[in-house]
Amino acid sequence: MQRTTKARTLAVEVERLTKIYPGGVDAVKDVSFAVAAGEVFGLLGPNGAGKSTTVGMLTTTIRPTTGSARLLGHDVVADPLGARQVSAVVFQEAALDRSLTGRRNLEIHGRLWGLSPPETATMIDDVVEAFGLADIVGRTVDTFSGGQRRRLELARALVSRPRVLFLDEPTVGLDPRIRFELLDLIGGLRQRAETTVVLTTHYLDEAERLCDRVAIVHEGRIVALDTPDNLLAGLGRHLVELRVDDVASSLAVLRQRGLAGEDAFAVGGTLTVPVHDRSAREAISAIARLDIATGGISARPPTLDDVYLRLTGDRLAA
Amino acid sequence: MTAITTAPPAPIVVPRRRRASLAAPLATLTRRRLALSARTPRELVVPLLTPILFSVVIAPALAKVTGAVRGIDYTSFVAIGTVGLLVPINCMFAGIGVIVDRESGARRDLLAAPVPRSLVVFGNLAVALAVSALQVVALVAAAVLRGAHFEARASGVALFALAAALLAVTMYGGAETLANRIAKQEEYVGAVPAIAIVPWFFAGSLFPITALPGWLAAFAKVLPLTHALAVMRYGLLDGRATGLHDIWGLTNATVMATLSLAVVAAYAALLLALAVRVFTRAAVR
């Protein structure tokens, strides 16, 4: 009974999912999360963190080693057809029939997802209009630019009206303007009949801008999961950064003087100090008086990159 | 300059989903493969070139030197033999489409579709069969125009068609399997002659297998192509079933044809099952 209730309210349920590839490469380690219907959920992490493997298991192209996952109650291993029926994917790399027209690509998708020809035609008209593809959809995909192909893939995924939409690094390789416009389109997805979106990205701004909640993934594990605001709030209102010669002793001095807490962290020779209880100007002045900085001292608002850095010691966008 | 409409899309009524049978998705996948093949005419024409060359140029020329083979006009004998070259080449060419699908096509979206993944293989197979049929008709027509003579009895044509179809299933099963096992298109193309052409020389295509050394004749009897060609000739050309007799050594032509068809059917079932298994396993890591 409890499962039935959960299935109605949760679009994606992942429990202790693990993937170990042949050869012993453990790409995903004991990952658990749940995504509510209508939510935009982000898996944020650098390349190789295990995001795409997680999406692969949820879209039934990668077999979990252990653990389970359900899409709207359909177990991805026991009922893969059911799971695929309620979902669609936009892949990291283009997966289009390039010698066919854009419209033909959309038709094939609609028909394979069980829509009748008239339903498919109606859905195609809708998505083509919404994604600004009307003028080019009759051309072969070969003639599309990279941005146009991405929009076509996004439109294709929506033809079948998926309840769960997976976007695997949807803006990788696009120039900044096209990327920005595509993000705008993705942002509009939440207004389309309660589509649940699971987005993987290594772009911080994408996660901050689009996602209701973000799971930060590092070496196959989720190291933090919360709303972007809550994740950022943990790092205070500002971060003060300073270059030092001796990281350990400088950090000890800062902590001794009450200028840095346990959440201060270092990468290389740069110390990053979250400021919670004073203004950035006051913090900079206090630190400058200690005369430990070898370079400039600066302050800025925290980003998800800092959250990731604090948790893992690595930068997201390497 | 790329213009994008960024206004939020209007709400859309959720369409009903129906999945009454597998016929509709199979038809969709078949039409897709057909459309892709139609966009690459070389896939349809190139496999015809060598067989037609053999059938309308080389065979008639050799016929002037060799005369008849066991009372069968050599041009007609080789015309059927070249079907055994055409079908494998066409099916192996069709396998290239599988690799293109994987490397730069929509395969991943097909794998994410709510249909059994084996349907992708069956859709490809349907088109390989249809294209093979068209090409065989073209080859036979060209041979007739060049002077080949066939007995067009309904039962004989049916036997010919059945043997050709089973051969096509066998070869496509092998091609699909290979295409899913080989990483690069270049490697696959390199394997085509070994699989599609080399067996043709031992399968009784240009001369009876009795002309081969004993050990090679024994090898020929294991090849599905040898059985398919013997049945095809029996159907259209060789009422005395000499080719079948070379394989089985029996006297009842119907029994021998049935046995040979059974052999080709077994190969077809085995290789098609293998193709489906390899494809579906390759689809999931």
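User: Buried means under 20% relative accessible area, exposed means over 50%, and partly exposed is the range in between. In this predicted model, which class does B:Phe202 belong to?

Analyst: The model is predicted, and its values are computed from it. B:Phe202 has a relative accessible area of 22%. That value lies between the 20% and 50% limits, so B:Phe202 counts as partly exposed.

User: How many aromatic pairs does the structure hold, and what is the geometry of the one formed by B:Trp200 and B:Phe201?

Analyst: Over all chains, there are four aromatic pairs. In the pair of B:Trp200 and B:Phe201, the ring centres are 5.3 Å apart and the planes make 65°. Planes over 60 degrees apart count as edge-to-face, so this pair is edge-to-face.

User: Which parts of chain B does the pair of B:Phe202 and B:Phe219 tie together?

Analyst: These two rings are edge-to-face, at 6.1 Å centre to centre and 70° between the planes. B:Phe219 is partly exposed, at 39% relative accessibility. Because B:Phe202 and B:Phe219 lie in two helices of chain B, the pair links parts 17 residues apart in sequence, namely helix H7 (residues 185–202) and helix H8 (residues 214–222).

User: What is the strand order of the open sheet of four strands in chain A?

Analyst: The pairing in this sheet is antiparallel. Strand E2 (25–36) and strand E5 (74–75) of chain A each pair on one side only, as edge strands. The order is E2-E1-E4-E5.

User: Which residue of E2(A) is the bridge partner of A:Val14?

Analyst: Strand E1 (residues 10–21) of chain A runs antiparallel to E2(A), and eight bridges join them. For A:Val14, the bridge partner in E2(A) is A:Phe33.

User: What angle does helix H2 of chain A make with E1(A)?

Analyst: Helix H2 (residues 51–58) of chain A packs on the sheet and touches E1, E2 and strand E4 (66–71). Its direction and that of E1(A) are at about 115°.

User: How far is B:Arg233 from the centre of the ring of B:Phe77?

Analyst: In chain A, A:Arg209 lies over the face of A:Phe180, 4.7 Å from the ring centre. In chain B, the charged end of B:Arg233 sits over the ring of B:Phe77 at 3.6 Å.

User: Where is A:Asp142, and which residues is it in contact with, leaving aside neighbours within four places in sequence?

Analyst: A:Asp142 is in the loop between helix H5 (117–130) and helix H6 (146–159) of chain A. It counts as partly exposed, at 47% relative accessibility. Its C-alpha atom is 8.1 Å from that of A:Leu100, 42 residues away along the chain. Leaving aside those neighbours, its contacts are A:Arg98, A:Ser99 and A:Arg149.

Key. Residues are numbered from 1 along each chain as its sequence is written. Chains are lettered from A and ligands numbered from 1 in the order in which they are written. This is a predicted model: local features need pLDDT of at least 70, side-chain atom pairs count only at pLDDT 80 or more; totals for chains, interfaces and linings use all residues. Side-chain values use heavy atoms; hydrogens and water are left out. Two strands pair if DSSP finds at least two bridges between them. Contact means heavy atoms within 4.5 Å. Axes are lines fitted to C-alpha atoms, for helices over the stretch in contact, and angles run from 0 to 180 degrees between N-to-C directions. Rings of Phe, Tyr and Trp (its six-membered ring) pair if their centres lie within 6.5 Å; planes under 30 degrees apart count as stacked, over 60 as edge-to-face and the rest as tilted. Buried means under 20% relative accessible area, exposed over 50%, partly exposed in between (1.4 Å probe, protein chains only). A charge sits over a ring if NZ of Lys or CZ of Arg is within 6 Å of the ring centre and within 35 degrees of the ring normal.
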